[in-house]
Amino acid sequence: HVYEGSAREASEHIHVQERPCAVCPRGGKCVPKVKCPAHVRPGSLNPSCHLVLGHIGICCFTGQKHSAQLEATQRSGAISIEDIKSSHDVSRQKMVQWIANEKVLERSADTIISSSAPSYGHHLSMVTYDKRVEGLGRGGLLNVFAALELKSRQAVSEDELELGATGHTDGPFCPKPPQCPDTQSRYRSIDGECNNLANPTWGAVNTGFERLLPPDYSDGRYCKDQGQPRGNGQVERIHQIIIAVLSKLSADDPTKWYRRVSVVQRYLIGTYQRSIGMTPFELLFGTKIKDKDDDELKKLIEEEEIQMFKEKRQELREKAKESLLKIQEENIKNYNRKRKEATSYNVGDLVAIKKTQFSQGSKLFPTYLGPYEVLKNKGNDRYVVKKVGNTEGPINTTSSADFMKPWVTSEENYSSGNSSFQFTGDSHGNQFISLTAFHTLWSREHNRVAQALSRLNPHWDEDTVFMETRRILQAEFQHIIYNEWLPLLIGHQMMQLFNLSPSSEYSSSYDPTVNPSITAEFSTAAMRFGHSIVDGRIVIPNTKTGEVYETISIPEVMFQPSRMRLRHFLDRLLIGLTLQPMQSVDPFISEGLTSYMFRGTNPYGLDLASINIQRGKDYGVRSYNSYRRLCGLQPFESFEQFPQSAAKRLASVYESPEDIDLWVGGLLEAPMEEAVIGPTFAHIIADQFYRLKAGDRYFYDNGPDINPGAFTPSQLTEIKKVKLSRLICDNSDGIELVTQPVEAFLRADLPGNELVACNSGRIPFMDLSRFKALKI
Ligand code: HEM
């Protein structure tokens, strides 16, 4: 058995075939393999080299771009004006067709929306009615259609299309680049734009994900077949073959393609299929197609069989139709009974509209914008609204009743007693009660720091107080993540390998060639390791008696934060979180997430594990083995290399180890030394946090030569004292929570991490007097 994540990985790093270079040739930079995706492209010439701690890296000549080699050598660059014009026309026509189809579906009586279904709630938390975002989404599709048209005219190569490396900026849809102000802002922009001055959209809202490897869509475009894992898209593949072969065979008279179908069919059913271990003909008739006579005889038998099959099929179809109609009727009844009439608004009403765009670190902003005045009722519960006053949000927009509520001032909101939902900037703020608790801690920390700053700087206006507080909170957050949380997750070796640990002085890691955007692999798989550590219940302990107040099953507190209104609850929950062990990262996911997620009052909810796997496919994320190769790890060649229990289950759903989904494979890896996750996830996560640090001009410990809003050395020293335990101590209610373990990410019953009094001085304070400014 070679399946011992850390031991195996260590040996791989030591026993490499060729001798690693001491210094990279041709000006190459020695980096961990995941940081140079071009090394897995065929024909790449990346010699290995020495990194710190005996690790072996790759000499990289392309930076974090897998397409750079292609850009330099293979770009065809021969796109004619006619090609461009006609690709535009084709893509626009296709778009018109798609929108028309969408309208038909929307109006169809067969389209049933159950607003009480858990999937509907999940959809609402993901969907956007923001016109700008809708425009970007449609623009993306226009470009896909145009690119496919260009490919069909052979104006771009397969490689260029796959890697998005045409460098062509005259597509049917190219959003205007943002205009960055001439003077450099002291503060990070709200939407993340203009962080990188040469590439102002890098890391901004409403921009695409980065990819460690190019997408892998089975239709070569933007769809992933649903057949995986077991079927592995076989049917779709065969269909594609049939279409291609038929068009070749009937090249002389394309209108008579159907005459060739039987030849193709005969060929296909007489060909050995790996998935069934014989030819389909054998499977059907128990014998091989031998010669022409036999063939004719079998044809007769086949006709008989087909007749029988047709009759049986007709019967089955009648039955299916009956039961479908019955279910539909029930669904309609249910729908009519449960669907709440949408609130209707009159012209002139003041409303709040739901915010649908969020930027980095903006979790503390409200979810609703307003006030807006209703200008027009567009029918179908949609309204044209106009902003009143000078608040955040678009001036004119269209919104739907689902995303509107009557405008009330915040005082009215809190006193109305109607909702226990917390006002958070992130639509996930109420998703789970412990998340709501952390939103609460951070908003209180904001208010705490803002009060201290305005006392120290009475001449500041309220915008300055807000922006300065925001700047400090972002720094506190980044420091806690890089200093406390990340080392526990990926281990100290990876921290060193990717140069992620905060230094005692200003950081020297800013690199304007690094794109800080989130990678598809991080978002859909690696960072979702967290779904495996969630316990099925939350224990609220009674520390006085050693008993428990209550054990809450997790679906009870999803989008249901009303317990937060109980006076003692926040403190008790936070105490419980420091005592309750984390679940290990493994393929076992709590039923609360796989059967009952967001169930509300329904008997069952959603399955987060399936959603994660499907989300990976949506994004065209490649298989687990592709990422092992990318990280310089050996791929799994057979299921037996996995632990026995997993091997059996994997073999029952996947055809080959090459098909295993990234999220599934990553969860199966044994954790690395002193880490929570295995090597593949650790590399992907380390790469992401490297991007977020090296690609962020405003990273909290960048000096004034890089960061226009840099902290002074003495302010930075104070920020670097911040620990999660301090944040909890300062912002909990202090009714029952008066002690904390210094290392709040570790359990309080670990030796050396015992509870200490919040006010004992053992948990360091950030001295805010350093933020008394002479002038800003
Ligand atoms: C009770 C706890 C949790 C619940 C109910 C939950 C639920 C969800 C849901 C519904 C999604 C969106 C799925 C989709 O449609 O693709 C999601 C996404 C995600 N979750 Fe969780 N989650 C929980 C805990 C965690 C934890 C502990 C972590 C990590 C430590 C995590 C990391 C992520 C990430 C990275 C995404 C993708 C976000 C994005 O790119 O937009 N989740 N989660």
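1. The iron atom of the ligand has a single donor from the protein, NE2 of H531, at 2.1 Å. Donors here are N, O and S atoms within 2.8 Å of the metal (3.2 Å for Na, K and Ca), and because water is not among the atoms, sites may look incomplete. As for where H531 sits, look in the loop between α15 (520–524) and β9 (537–542). Helices (H or I, at least four residues) and strands (E, at least two) are DSSP runs, numbered from the N terminus.

2. A word on what you are looking at. This is a predicted model, in which local features need pLDDT of at least 70 and side-chain atom pairs count only at pLDDT 80 or more, while totals for chains, interfaces and linings use all residues. Residues are numbered from 1 along each chain as its sequence is written, and side-chain values use heavy atoms, with hydrogens and water left out.

3. Back to the ligand: which residues come nearest? Of the 17 residues around the ligand, they are H122, S523, R528, H531 and R615. A residue is near a molecule or strand if one of its heavy atoms lies within 4 Å of it. By class, the shell has 10 nonpolar, five polar and two charged residues. Ala, Val, Leu, Ile, Met, Phe, Trp, Tyr, Cys and Pro count as nonpolar, Asp, Glu, Lys and Arg as charged, and the others, Gly among them, as polar.

4. Now the polar contacts (pairs of N or O atoms within 3.5 Å; within protein, one must be able to donate a hydrogen and the other to accept it, and residues adjacent in sequence count only if both atoms are side-chain atoms). S523 has a polar side-chain atom 2.6 Å from an oxygen atom of the ligand, and H122 has one 2.7 Å from a ligand oxygen atom. H531 turns up again here, with an N or O atom of its side chain 2.9 Å from a nitrogen atom of the ligand. The elements that give two or more residues to the shell are α4 (118–126) and α18 (608–618), and α18 gives the most, with three residues.

5. Elsewhere, there is an open sheet of five strands, in the order β7-β6-β5-β4-β8, with antiparallel pairing. Its edge strands, β7 (396–400) and β8 (404–406), each pair on one side only. Two strands pair if DSSP finds at least two bridges between them. Strand β4 (residues 350–354) is joined to β8 by three bridges, and the two run antiparallel. If you want a spot to look at, A352 stands opposite K405 in β8.

6. Next, is N457 buried or exposed? N457 counts as buried because its relative accessibility is 0%; buried means under 20% relative accessible area, exposed over 50%, and partly exposed in between (1.4 Å probe, protein chains only). N457 lies in the loop between α12 (433–456) and α13 (462–490). Its side chain reaches the backbone nitrogen of A773 at 2.8 Å and the backbone oxygen of F771 at 3.3 Å.

7. Finally, two backbone angles to check. Most residues other than glycine have a negative phi. L53, however, has a positive phi, near 60°, and F598 has a positive one near 55°. L53 is in the loop between β2 (48–50) and β3 (56–60), and counts as partly exposed because its relative accessibility is 46%. F598 is in the loop between α17 (591–594) and α18, and is buried, with a relative accessible area of 14%.
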